Amino acid sequence: MEKPLLIARLAADRARLLHACLGLNEQMLTQRLVLGDWTILNMLAGAGEYDALYANVIPQALNGQLKDSGIHDLAAHDFTLRDRFAGWDVARVMQYLDESRAALLSALEAAPESVLSVTHHFPWVGGFKERRGQGSISTFIKWRFLHDNSTREDLERWRRAQDLAETAFPGPKALLIAALETAEADFWATAALVLEAERETRKVCGIWSLKDAVGHLADCDDYYTQTIRVMLGEQVTDWAEVLDFDAQNERFYLARRTDSWEKAQADCLRERRQLVDRVTKLDEAALRRPYTGSASVSYPTLFHCYWSAVEHYLDHAAVMRRELGLKLPAYLLKFTGPYGS
């Protein structure tokens, strides 16, 4: 089961990285220097670039051609990175992150499980001297999620030094959509570690099975969608701000007890898709505009309501990893955020 766990770890660290960018506006992302002369957007483009690099490294390792892969001199690779991505805006970097991650996952999926731990040797330039490097495909994937984690830590360290209010700055729509989608990928990559025969029996969140948790996510996404409609001034019947989440969750759970796994999964995928599709149709100003309606809504802007939807998936993914007893770093077995646990 090595490959599914690698995929789950990739998804978890990427989702946490993009979550760490929420609450930063476009000027902060594109102009503030975080690490040396690198901006946050430079760092995110670098994450995409390394996904693209290792998407080529994996098949070249399998074909015995690592000497041609570019893995031998990563310092030179980094040196030219900022110039190569100069002028890219947030939307273009998010697209590149998505495309390069898809390429990396495709390369990993194509590698047979039996070869993931086979060691490959390659020349490596370190300290201006060529040395002999080595690593397996599993090692290369490990370097990718550790790089995402290191970037997140650098970003969070910078944020603490700036003493930024956690939720003060609604950010670009492209980043919000990417955060929603990576949080969803995080949850489903972890869910893939639950055996098919145990989806309705194994507990992954208190007394809830995976089927129960998936149904819960569907119901909550429907609630987010209705809240967004209220905030946009649309007519919504039977909506009220939830004051007792435990009671609401119990009602959701009881109403879905007889649902099949297939129905719960289909509902979950559909509701998240509707939620994301709605944000793609909103303009930047609408997402940032302070809510001034008469309904009792706890979110200051639409951006913050969607932010809560990001964290809901991240929270459940972390809880599931903990309940499954996965041997992962502690930070991936819990989640905290302004709208999370």
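Which residues does L35 touch, not counting residues up to four places away in sequence? L35 touches M43 and D154, where contact means heavy atoms within 4.5 Å.

## Basis of the model

This is a predicted model, in which local features need pLDDT of at least 70 and side-chain atom pairs count only at pLDDT 80 or more, while totals for chains, interfaces and linings use all residues. Residues are numbered from 1 along each chain as its sequence is written, and side-chain values use heavy atoms, with hydrogens and water left out.

## Overall architecture

The protein has 12 helices and six strands; helices (H or I, at least four residues) and strands (E, at least two) are DSSP runs, numbered from the N terminus. With a radius of gyration of 21 Å, close to the 20 Å that the globule rule gives for 341 residues, the protein is as compact as a globular protein of that length. The radius is taken over C-alpha atoms, and the globule rule is 2.2 Å times the number of residues to the power 0.38. Along the principal axes, the C-alpha atoms fill a box of roughly 70 × 50 × 30 Å.

Of the 341 residues, 52% count as buried; buried means under 20% relative accessible area, exposed over 50%, and partly exposed in between (1.4 Å probe, protein chains only). The accessible surface comes to about 16,000 Å², and carbon and sulfur atoms account for 52% of that surface. Accessible areas come from the Shrake-Rupley method with a 1.4 Å probe, and for residues only the protein chains shown count as cover. Among contacts between residues at least 6 apart in sequence, 76% join residues at least 24 apart.

## Packing of α1 against α5

Two packed helices are described by the angle between their axes and the distance between the axes. Helix α1 (residues 2–19) packs with helix α5 (residues 90–110) at an angle of about 170°, and the axes are 11 Å apart. The axes are lines fitted to C-alpha atoms, for helices over the stretch in contact, with angles running from 0 to 180 degrees between N-to-C directions. The two helices are therefore roughly antiparallel to each other, given that angles under 35 degrees count as roughly parallel, over 145 as roughly antiparallel, 65 to 115 as roughly perpendicular and the rest as oblique.

On the α1 side, the contact involves K3, L6, I7, L10, A11, R14 and L18; these meet M94, L97, R101, L104, L105, L108 and E109 in α5. The contact residues divide into 10 nonpolar, no polar and four charged. Here Ala, Val, Leu, Ile, Met, Phe, Trp, Tyr, Cys and Pro count as nonpolar, Asp, Glu, Lys and Arg as charged, and the others, Gly among them, as polar.

H19 lies in helix α1 and is buried, with a relative accessible area of 13%. Leaving aside neighbours within four places in sequence, H19 is in contact with W307, V310, E311, L314, F335 and T336. H19 and L314 are 295 residues apart in sequence, and their C-alpha atoms are 9.0 Å apart in space.

W208 belongs to strand β6 (residues 208–209) and is likewise buried, at a relative accessible area of 11%. Beyond its neighbours within four places in sequence, W208 is in contact with R202, K203, A213, H216, N249, Y253 and H316. Between W208 and Y253, 45 residues apart in sequence, the C-alpha to C-alpha distance is 8.6 Å.

R84 is found in helix α4 (residues 74–84) and is partly exposed, with a relative accessible area of 37%. Not counting residues up to four places away in sequence, R84 touches E49 and H77. R84 and A45 are 39 residues apart in sequence and 9.8 Å apart in space, C-alpha to C-alpha.

L35 lies in strand β1 (residues 33–35) and counts as partly exposed at 43% relative accessibility. The C-alpha atoms of L35 and E200, 165 residues apart along the chain, are separated by 46 Å.
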